[in-house]
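Dear colleague,

Please find below the structure that I am handing over to you. My notes on what was found in it follow directly after.

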Amino acid sequence: MNESEVNARFMTSQMKRQALEEKMKALVTQLRAAGQLAANTAVQELVQCSSGHLNPALYPDRPHLSLMLQYWRRPAVIPYMESLIEACNKQVPSELVVNMDDVDSPADAEAWAELAWRSQGLVVPVLSSNVHEARAINRMAGVARGRVLVLLQDDDTLQPADCSWAPALLKQFEAMPKLGMVGLKGYRRGATAGNKERWSDTFRLFSDPGTGAFFTYPLHVDYAPLAFRRSALRNVGGVDEGMSDRGECGIVGDWEMSVRMWAAGWHVGFMPLLGRGRIDKEEGSTHRPDFVRRCWGRQLDLGRRVYNSRWGTGFNAGIGQFLETLENKIRILNLKTLTKNYTDCPFRKGCDDLVGNPALPAAQAEEFRSVGAPMVDA
């Protein structure tokens, strides 16, 4: 760190201290006016009164953003991730938490350990024993310290390379206190077909009037990149580890998490902030011939059954009216709160009715049938 960087950090701390003092003075004035604070109260008495709980956000060098990487035998990603965390840390205080499942590969473990040392703690390796996707996300989220967590794939490169997307992402979370999850890869407006969400301009159909950023509220968002408010992820219990076998891929967990966020009172968004490329030409493990049946067969079936059991009409049944109703509420939220950039309405239920729940065509309505019999016959 050179002299100019030290001086810049010193001046920033001085400005923050002055702003904090002004807030304290305003609060004291307010409390005195309300008769809740005696006129002769000393500063030290206020310190003692308010020191029962600390605010971790004020700790020095606390990261605002935590990148999370599930790593599996792809050493080409290591130098790229070193450049990525350096770029992101220039934009916002950042860290990279890496879950390394392949603990029987000492060369990779050594490379990550060296990078952790070289980065002075910006990279945080987590060594696991083949827990794979769902469990790895929860482990990394437990280690991460940032307010916003961004899940990455180990075969992706992100554009723009300077990580200039990070401040816009943090700004959106700050502007929307109920925003719990933001997709950065793809989204679905409903649980079945009918919405116009595959247009070439689909990512820019709406924007937030507060931040000016392209933004929309979908029903589902996809892994990854995928961002979470850390407090929201913990509030809903993290990724459901029961939706996939240990050591296997996690399919449908991103969609289930999206609906669970909505059900818990959080909002789910999508932002077209990133472009993606590939680290190398090697196919990801979930699409290799020796893995594809285990992942897209067994794990997809398991995830779908859990999803339908929780949010549909039962373990082996259809989607149900809950998701149809939720989709409509999200439609209305988009139309009432966001700036409309489209020329043709993207919703299968239209863009005119902002109060009711318009009926679906008969063919689609059948997919949302309700359970016919009551739980208890009495």
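Cys 345 is partly exposed, because its relative accessible area is 23% and the class runs between buried, under 20%, and exposed, over 50% (1.4 Å probe, protein chains only). Its partner is Cys 351, with which Cys 345 forms a disulfide whose sulfur atoms are 2.0 Å apart; a disulfide is here a pair of cysteine sulfur atoms within 2.5 Å. Cys 351 has a relative accessible area of 17% and is therefore buried. The link of Cys 345 and Cys 351 is right-handed, with 85 degrees about the S-S bond.

Please note that this is a predicted model, in which local features need pLDDT of at least 70 and side-chain atom pairs count only at pLDDT 80 or more, while totals for chains, interfaces and linings use all residues. Residues are numbered from 1 along each chain as its sequence is written, and side-chain values use heavy atoms, with hydrogens and water left out.

The search of the whole structure finds 2 disulfides. Besides the pair described above, Cys 88 and Cys 163 form a disulfide, with 2.0 Å between their sulfur atoms. This pair links distant parts of the chain, 75 residues apart: Cys 88 belongs to helix H3 (residues 77–91), and Cys 163 to the loop between strand E5 (156–159) and helix H6 (165–175). Helices (H or I, at least four residues) and strands (E, at least two) are DSSP runs, numbered from the N terminus. The link of Cys 88 and Cys 163 is right-handed, with 85 degrees about the S-S bond. Cys 88 has a relative accessible area of 0% and is buried; Cys 163, at 0% relative accessibility, counts as buried. Cys 49, by contrast, is exposed, with a relative accessible area of 66%.

Turning to the strands, 7 of them form an open sheet with mixed pairing, in the order E3-E2-E1-E4-E10-E6-E11. Its edge strands, each pairing on one side only, are E3 (123–127) and E11 (267–270). Two strands pair if DSSP finds at least two bridges between them. Strand E1 (residues 65–71) and strand E4 (residues 148–152) run parallel and are joined by 5 bridges. Within this pairing, Met 68 stands opposite Leu 151 in E4.

How many aromatic pairs are there? The count comes to 7, where rings of Phe, Tyr and Trp (its six-membered ring) pair if their centres lie within 6.5 Å, and planes under 30 degrees apart count as stacked, over 60 as edge-to-face and the rest as tilted. The rings of Phe 215 and Tyr 217 form an edge-to-face pair, because their planes stand at 85 degrees, with the centres 5.0 Å apart. Phe 215 is buried at 1% relative accessibility, and Tyr 217 is buried at 6%. The rings of Trp 311 and Phe 322 are stacked, because their planes are at 20 degrees, with the centres 5.5 Å apart. Trp 311 lies in helix H9 (residues 289–311) and Phe 322 in helix H10 (residues 321–337), so this pair ties together parts that are 11 residues apart in sequence. Trp 311 is buried, at 12% relative accessible area, whereas Phe 322 is partly exposed, at 40%. Ring pairs also link Phe 206, Tyr 342 and Phe 347 into a cluster.

Finally, the charged end of Arg 204 sits over the ring of Phe 214, 5.4 Å from its centre; this requires NZ of Lys or CZ of Arg within 6 Å of the ring centre and within 35 degrees of the ring normal.

With kind regards
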